[in-house]
Amino acid sequence: MTTKTELSPTARESKNAQDMQVDEVLIPRKVPSLCSARYGIALVLHLCNFTTIAQNVIMNITMVAMVNSTSPQSQFNGSSEGLPVDSFGDLSKAPKSLSAKAPVYDWSPQIQGIIFGAVGYGGILTMAPSGYLAGRVGTKRVVGISLFATSFLTLCIPLAADFGIVFLIVTRIVQGLSQCSVIGGQFAIWEKWGPPHERSRLCSIALSGMLLGCFSAILIGGFISETLGWPFVFYIFGGVGCVCCLLWFIVIYDDPISYPWISTSEKEYIISSLKQQVRSSQQPLPIKAVLRSLPIWSICLGCFSHQWLVSTMIVYIPTYISSVYHVNIRDNGLLSALPFIVAWVIGIVGGYLADFLLTKNFRLITVRKIATILGNLPASALIVSLPYLNSSYITATALLTLSCALSTLCQSGIYINVLDIAPRHSSFLMGASRGFSSMAPVIVPTVSGFLLSQDPEFGWRNVFFLLFAINLSGLIFYLIFGEADVQDWAKERKLTRL
């Protein structure tokens with residue numbers, strides 16, 4: 001969210017410009033309708049994020065079925081914390097029923113970690129370029145093509161697994177390239193569609209689709225794996241993605257001017273609220289200034305540390321519940337999915353709460369940092385307490401649910417902070433910050449798989465303590481250097497020459 005673009009150049013330079021804008025601009029003359037075109041755009045993005053993350057996450061729940069083997073190599077060194085051979089209930093029945101429906105592979109925890117992390121390799125390469133391209137050629141093309149690619153590759157996962165581990169890893173890497181292009185490219189749309197005082201809620205609605213995707217994939221994935229076999233999980237979610245892609249190309253337009261189903265009043269409202277902004281295509285990106293900017297680095301490191309938390313929860317909740325509490329795959333899916341449906345609700349509510357606080361004269365940086373603190377510190381602290389309360393899976397599920405729900409508050413904090421400090425270059429910088437943070441999903445499975453294999457007795461504790469240390473470090477750096485004022489290098493200086 002940016003508040004600087006609404007002010008005249010003189011007001012922008014004043015110390016209290018941000019607060020003045022909340023009073024004068026952030027309170028619209030008419031309460032916006034949830035049936036408006038811009039909220040429709042947010043809902044379609046919600047569906048696209050739902051599909052993309054579901055296609056990413058289904059591997060995490062199907063892995064329980066794909067490696068369900070009596071071979072010792074498929075367990076964590078045969079320890080009590082390893083994947084149980086009876087994780088499907090009846091030992092004499094489950095493997096036979098599964099083997100008739102789907103193949104089972106003998107993958108070690110290290111191999112599983114590489115498979116989990118492979119989808120994140122592409123994010124490091126495509127997040128920033130996808131944001132840049134979306135700002136140049138349009139979000140519709142970048143996200144639409146990427147969404148089709150990841151959906152098609154999801155359909156190919158079972159075949160790639162049959163061909164061998166190398167084919168599966170390569171497919172996952174290419175799929176990650178496409179998925180991260182969907183995520184990185186979508187932020188450019190709010191440069192033209194998002195009034196500054198509504199960006200918290202619009203972004204929260206769109207991004208919360210990821211949480212609903214996690215919930216649905218883990219919940220339904222466990223049920224489908226048990227009844228139809230794990231390959232059908234990929235076929236179903238891949239097909240849903242193809243349908244979503246068709247909807248995307250029909251409904252989405254890059255700006256309200258060309259949108260055929262928008263009212264004249266809403267079009268004028270959006271354009272007038274953004275008329276002071278200059279798009280990145282009209283002004284070159286000051287690369288050196290960006291690289292020297294501590295607020296930008298604080299966002300990147302803060303996003304990285306939060307993604308470490310989120311990645312650990314997404315990737316290892318099913319494995320943790322299965323290995324520690326010996327829960328069968330269907331119940332595992334339910335318990336693993338529960339935190340994400342609660343987080344879905346909290347994420348949307350958090351966006352509205354952030355915008356509400358701005359209307360009550362809270363400083364923008366205060367709102368961003370409060371949301372980031374609440375989304376990081378309590379969530380990681382609850383995760384650390386899990387190994388000490390492993391006597392009850394109900395208690396563990398409650399802690400996971402609360403942790404996951406609180407973590408979504410960062411959507412209204414650090415994740416949209418770039419829109420505040422550099423609105424003219426937000427499409428590229430949002431992609432760059434998300435690209436930097438996407439290193440976490442690559443590193444987490446590899447490091448966690450190594451820790452679980454090397455230290456069976458205290459493996460989970462080591463994983464969770466490392467999570468807490470990284471999360472706290474990123475949060476402290478952001479609290480020290482994070483800002484919400486438009487940076488000098490992001491302001492237009494050519495106006496005086498015209």
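Predicted model: local features only at pLDDT ≥ 70, side-chain atom pairs only at ≥ 80, totals over all residues.
Student: How many salt bridges does the structure hold?

Tutor: Start with the general idea. Side chains of opposite charge can pair when their charged atoms come close. This structure holds four salt bridges.

Student: Which residue forms a salt bridge with Glu198?

Tutor: Arg38 does, with the closest N and O atoms 2.7 Å apart. The two residues are 160 residues apart, so look at two places: Glu198 is in the loop between α8 (190-193) and α9 (199-227), and Arg38 is in helix α3 (residues 37-66).

Student: Are Glu198 and Arg38 buried or exposed?

Tutor: The cut-off for buried is under 20% relative accessible area. Glu198 has 0%, so it counts as buried. Arg38 has 3%, so it is buried too.

Student: Which residues are linked with Arg38 in a network of salt bridges?

Tutor: Glu198 and Glu266 are linked with Arg38 in that network.

Student: What does Asp355 pair with?

Tutor: Asp355 forms a salt bridge with Arg201, and the closest N and O atoms are 2.8 Å apart. Asp355 lies in helix α14 (residues 329-359) and Arg201 in helix α9, so the pair ties together parts 154 residues apart in sequence. Both residues are buried.

Student: Where do Asp420 and Arg368 lie?

Tutor: Asp420 is in helix α17 (residues 418-421), and Arg368 is in helix α15 (residues 364-384). Their side chains meet in a salt bridge, 2.7 Å from N to O. The pair therefore ties together parts that are 52 residues apart in sequence. Asp420 is buried, at 0% relative accessible area. Arg368 also counts as buried, at 0% relative accessibility.

Notes: Residues numbered from 1 in each chain as written. Heavy atoms only, no water. Helix = DSSP H or I, 4+ residues; strand = E, 2+ residues; numbered from the N terminus. Buried < 20%, exposed > 50% of the residue type's maximum accessible area, 1.4 Å probe, protein only.
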